[in-house]
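I opened my notebook for this one and looked things up one at a time. Here is what I wrote down, in the order I went.

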Amino acid sequence: MEKARLFDFNLTLPIIVAEFLFLMVALDKIYFAPLGKFMDDRDAAIREKLNSVKDTSGEVKQLEEQAAAVMKAARAEISAALNQMKREVALDLEVKMAEGRKKVEAELAVALENLERQKEETIKALDSQIAALSQDIVKKVLPL
Amino acid sequence: MSVLPCSINTLKGIYDLSGVEVGQHFYWQIGGFQVHAQVLITSWVVIAILLGSATIVVRNPQTIPTDGQNFFEYVLEFIRDLTKTQIGEEEYGPWVPFIGTMFLFIFVSNWSGALLPRKIIELPQGELAAPTNDINTTVALALPTSVAYFYAGISKKGLGYFGKYIQPTPILLPINILEDFTKPLSLSFRLFGNILADELVVVVLVSLVPSLVPIPVMFLGLFTSGIQALIFATLAAAYIGESMEGHH
């Protein structure tokens, strides 16, 4: 066994320096530079995409406003049409109701007339009957 | 009487298996110079792991990341955040590879020492361990850090960079100069000491109590390994950031 030497500087040192420099260049070539560039590119792409998304948000707002305007117009149109229809229907209904009322009134008048006539007839009939009945009663009460 | 020698033999076997070897190195000769082969081997493994996994995962990145890519993206984000907080929003970009490589190399090195059962592969001498438990490696990582922050400061401010040595007052000149030596020294020795101590604690505990007891210490070792990698990378980034920012 050789004597142990802890602080034994020799050619190992420059060789390790060379190895380190080689490793630095090689790692930069195959790891740091390409992957770093790749990551930066991806970051840039993502940022760009995010920005473009922000831009379309304005477009979306505009479209939304347009849609709201269209809806408003459509609603106004519909409500106008509805109002007109309501008016027409109401008019129609009134005419029909007036007609119906007239008809009913005419029928009522006829019916009342009939009733009056019948009443008079009945009263006449009752009058004759009353006369006959009273004669009968008188006959019975006043025996000859 | 036969029980005792047997148990001693068993203990001796365990002791040999988990023998404490500090400062033992497996030497290779390269052109008359000596190198620590176990450090080089493990560092190659670490580099292979890093490059291999990065190649496989990053080869075909998806917009919606798969599991592996997600993890690598998370690591990259982490490194970028670390660099950004220390160096600043405008100038951190070019330093990401340096700080990132620093962090990943130290982290994977530390964990490779803590996770891989290195005793399985026998070396003639020494043992496979985390590359970062060798002073050569940690100094080899600290020196480029020094060079990096000098380069950063001078390229940003020109020779005016050296004006920081006499700020806030010229009396502090020796201390400011000393700082340039203590920075790499503290960086390298902190990492070296922590990783070596961590592995030693595990080894000593294993040699004393072979089962169960070292396990919490091993987990603590994993934790320390991560923290040390983070500290090294953060401090390196902080030094670079400090040398680039204005002192007034």
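**Helical stretches in chain A**

I began with residues 46-73 of chain A, whose end C-alpha atoms lie 40 Å apart, with the span 100% helix and 0% strand. I noted for myself that this is a predicted model.

Next I checked what the UniProt record says there. Its unreviewed entry gives "coiled-coil region" for residues 46-73 and 101-136 of chain A.

I looked at the model over residues 12-32 of chain A and found 100% helix and 0% strand, with end C-alpha atoms 27 Å apart.

**A pair inside chain A**

I then looked at Asp41(A) and Lys37(A), whose side chains meet in a salt bridge at 3.2 Å, N to O. Why are these two separated by about one helical turn? Because they are 4 residues apart in helix α1 (residues 12-141) of chain A. I reminded myself that side chains of opposite charge can pair when their charged atoms come close. Searching the whole structure, I got 6 salt bridges over all chains.

**Where chain A meets chain B**

How many residues does each chain bring to the contact? I found 33 residues from chain A and 52 residues from chain B. Between them, chain A and chain B bury about 3,900 Å², and 73% of that is on carbon and sulfur atoms. Phe20(A), Tyr31(A) and Phe32(A) supply 16% of the area that chain A buries against chain B, more than any other three residues.

I also went looking for charged pairs across the contact and counted 2 salt bridges between chain A and chain B. One of them joins the side chains of Asp40(A) and Arg80(B), at 3.1 Å from N to O. For polar contacts between the two chains, my count was 11 residue pairs. Sorted by class, the side of chain A that touches chain B has 23 nonpolar, 3 polar and 7 charged residues.

**Chain B and its helix α5**

UniProt annotates several stretches of chain B as "transmembrane region", among them residues 135-155 and 221-241. In the model, residues 135-155 of chain B are 100% helix and 0% strand, and their end C-alpha atoms lie 30 Å apart. For residues 221-241 of chain B I wrote down 100% helix, 0% strand and 30 Å between the end C-alpha atoms.

What caps the N-terminal end of α5(B)? Asp134(B) does, with a side-chain oxygen 2.8 Å from the backbone nitrogen of Asn136(B). Just after α5(B), I found Gly158(B) with a positive phi of about 65 degrees.

Notes. Residues numbered from 1 in each chain as written. Chains lettered and ligands numbered in written order. Predicted model: local features only at pLDDT ≥ 70, side-chain atom pairs only at ≥ 80, totals over all residues. Heavy atoms only, no water. Contact = heavy atoms within 4.5 Å. Buried area = accessible area lost by both parts, 1.4 Å probe. Salt bridge = Lys/Arg side-chain N within 4 Å of Asp/Glu carboxyl O. Polar contact = N/O pair within 3.5 Å; in protein donor to acceptor, adjacent residues only side chain to side chain. Nonpolar A, V, L, I, M, F, W, Y, C, P; charged D, E, K, R; others polar. UniProt positions renumbered as here; feature names shortened; annotations may be inferred.
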